Structure formats: structure tokens, C-alpha cells
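Thanks for coming. I have one structure to go through, and I will keep it short. Please look at the screen.

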Amino acid sequence: MSTVKLVEVILTAEVYNRFEELTEDDIPKEIRKMFYSKNGISRPLVVKLDMLKSIGSAKHVEETLKLPFVDLNNLTKQVLLTSLPAAAKWFASKGLERIKNNPVLAYYYQNDGFDVSYEEAKKRNLPKHSDKEWLKTVIAELEKNKETAEMLGLVRIYSPEDIKVNFKDVALDEEQLEEIRKIEVAMEEREYLKKIGVIEIGKLLFIGPPGTGKTTTARALSKKLKIPLVEVKLSMITSQYLGETSKNIEKVFEIAKRLNPCILFIDEFDYVAKTRTSDEHAAVKRAVNTLLKSIDEINLVEDGVILIAATNHPSLLDPAVWRRFDKIVEFPEPQEKIRKRILELALKKVDGDYNIDEIVKLTEGFTGSDLKLVVREAVLKALLRGEKKITMDDLLQAVEDVRNRLCLKTSY
Ligand SMILES: Nc1ncnc2c1ncn2[C@@H]1O[C@H](COP(=O)(O)OP(=O)(O)OP(=O)(O)O)[C@@H](O)[C@H]1O
Ligand SMILES: [Mg+2]
């Protein structure tokens, strides 16, 4: 980090400490990450010499410490500003660009008559729930208590920073995209929706055969919206013990509410409904009822939770369950256009001589995961020959291999 950046860290800490109304979300993400400890971020922010040394070169640290308004406490090794106005003046002379992207500084400079906007800077800065360090501290807090620690055992929690798949790498059709966009704007306009009383929003049911991108879409959405993902499979929380399943369902929804804003992704959603048709056991009925009640009691506008449920067997779902989603999003076997896009994405980094359109025509009925398998097979075939370039023949053979595999699957 350059000297200017090091000064930005010290200045940001100082301004943040002085103005109680500033929140952790106002600290630029990059700077905020330096201040996490086991218990989160504490006020006041303390800048230590070691911290500067870990982010800047020796030369830049030395330069920073020589500035007339910077002081080092030799005993505590804390780096402080001796004059905020002097530091602010120096920093402003280095350009307003940085200030425009730093809400803490924009707040200070805006009040000082500079042409910068705190609101604009805030829009450009990611809030703390997008930080994996933030998620870690929340989880650590929940682990301290026996009851909440138990809840954590039922789910998988991802920080958006840990999700690998990008939204642009998921091939979706117009209808699917539109539903996702609606969720996105609803998330942004929560306050407005609350004010006008539109709260039954943000519950999606993804239906479609295996391998059509339901899980991938939920994960990519978490990354796109920069909010954590709480993932649970209903089969994993179903217990043979009376009442246990109901309790687990309640716990899962409770975790999602505590982590808000987040996406709660419930996979194998038919699991509970399915068991009900085979056996009208009281405990199962109770579990379904708990599920219905939990869905009723959660919404994006008030709780900050987007609920996405997914199933391969929509016909097994209870009509009462169906009704509770504001939108059913279909994930069918992909049409030509989508197959083409999936193949293009999968082959993006693969060298070779091939015609994608031809493969698209031959793969009617293939899902996204089948198509990815085709590409993997073709790459392996080429590697077996000692080549990194794939040929059209590799792809054609791979299509046949995967097709045979699909036939095997259906004949057993
Ligand atoms: N539309 C798509 N765009 C990009 N990749 C896709 C798409 N559909 C499927 N895939 C790829 O196929 C694989 C399986 O997809 P995913 O796990 O999301 O399917 P799913 O619908 O959740 O299946 P299941 O019902 O079995 O859980 C992933 O590697 C994913 O990247
Ligand atoms: Mg899935």
C-alpha cells in the first residue's frame, strides 16, 4: 500500500472514532477487513504500527510516520493523528477520488463543504455482511451458546466471498432472470416495500429435474447479492424421533433470521411432503405444519431473508406448500439456446477445433450437468492422447458416452 493509502487507513479510523453515527458498514470493505478480531470490530478503531507494516512496505510506513500530523506512541505502538484538520487537508490534496469511495471520509468532507456525497459513497461500498470475517464472528458468537450451537450443526453456511460460481456463468432463460431481478430490486428497496405494506415477497420455489442449475443459481445469487447463504437439505434434518424434525425446522429458520440479510436455501424440499403421502404419522404432519408456519413467518422485507426452496418432484408437494411461494421458477431441461450458452461457458478455456452448434443439436434432453460432463469427457479423451487440444471427434464421442450413461440410469 502506498503512503496515501496508509494515511487513508489512519484518517478513516480517526473520523470513524469521532462520529458515533457512522457504522461499520460505512468503513470501506478493504479497510474494514483490517480491523476484525475474534469478537468483530470494536470501537474505537486502533491503528497499530504492526498493522501498517503488514499492509505497506517499510519505505511507505517510514514516509507515513514522518508526516507532521502522524504520531507513533512508542509504548503502545499505536499510530495516531496529532491534527485531524491538517491530515484531512493533506489527504484532500491527493485527490477526491478516494474520498468519493470511502463513506467515512465522504461524511467528514461533505460536512466540510467538499463536493463529495456520503450517500453516493455508501452505495459504492459493500456492507459488512458481505465479509467472510463478519460471518465468522457471528458464527463464533452462536457457537458459544449450546442451543444456537446445535442449530449450526443443521446447516451449511457460505460467505458470498467463498462462493466460486459467478452469476454470469450460469445460463438462465429470460423468465428465470426476471424472477431473479425482482428479488434483487426487492432486496434493495426493502424500506420502501415495508412502507407501502408489500411484504409477502422473496419466496421462490425452484422446480426441475436434477442437474438443471437450481443449487448453482441459489449459490450464484448469494454471491451476486453479496449476502451469506444458509443451505439445508430437508433429508438431513428429518429425524425419526417424535417432534425432533419440527424443532429442527424451527431452528433452521431461526438461524437464517439471525444471519440476515441472507438467502435460506432449502434443498430436497419434497422430502417432508413425500413422507406424508406414504405414512400419515402424526409427527410427519406436525413437521409439515411447522414448515408451513415457518414459511409464513419469514419474509424478505421484514426479516431480510430470501427463501429459496428446490425440488425435483414438485408433484409430491402439498398444495398448501405450493401456495406459500410468490413465484415458482421452472428449471426445465435446457432448450437449444441455453445448451449453447452452457457449452460456450464450459468450453471457454478449452482449446480445440470444434463446432458448438452441432453439439447443441445432438444434445436434446441433456441437462447442464450432462453438458459439463460431455466437456470433461472430451478433455480427458484428448489428454489420454497426450493433447491439450480437443477435436470435434472427442466431443462427439463424449456425447455418446454421456448418452449411454443416461440410458443406463433410466433402465435400472
Ligand atoms: N443453467 C446452467 N448454467 C450453468 N451451469 C449449469 C446449469 N445447469 C446446470 N449446470 C451445471 O451442472 C451442475 C449441476 O447443477 P446443480 O447442482 O445446480 O443442479 P440442481 O438443479 O441443483 O440439481 P439437483 O436437483 O440434483 O440438486 C453444476 O456443475 C452446474 O454448474
Ligand atoms: Mg441441487
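A contact here means heavy atoms within 4.5 Å. On that basis, among contacts in the protein with a separation of 6 or more, 73% are between residues 24 or more positions apart.

Some housekeeping. This is a predicted model, where local features need pLDDT of at least 70, side-chain atom pairs count only at pLDDT 80 or more, and totals for chains, interfaces and linings use all residues. Side-chain values use heavy atoms, with hydrogens and water left out, residues are numbered from 1 along each chain as its sequence is written, and chains are lettered from A and ligands numbered from 1 in the order in which they are written.

Now the protein overall. The C-alpha atoms fill a box of roughly 80 × 60 × 40 Å along the principal axes. There are 23 helices and 10 strands, taken as DSSP runs (H or I, at least four residues, for helices; E, at least two, for strands) and numbered from the N terminus. Of the 412 residues, 47% are buried, meaning under 20% relative accessible area with a 1.4 Å probe, protein chains only.

Next, the ligand. Which residues come nearest to ligand 1? There are 15 around it, and Ala171, Lys214, Thr215, Thr216 and Asn312 come nearest; a residue counts if one of its heavy atoms lies within 4 Å.

For polar contacts, the criterion is a pair of N or O atoms within 3.5 Å. A polar backbone atom of Gly211 is 2.8 Å from an oxygen atom of ligand 1. For Gly213, a backbone N or O atom lies 3.1 Å from a ligand 1 oxygen. Lys372 uses a polar side-chain atom, 2.8 Å from an oxygen atom of ligand 1.

Definitions and conventions
Buried < 20%, exposed > 50% of the residue type's maximum accessible area, 1.4 Å probe, protein only. Polar contact = N/O pair within 3.5 Å; in protein donor to acceptor, adjacent residues only side chain to side chain.
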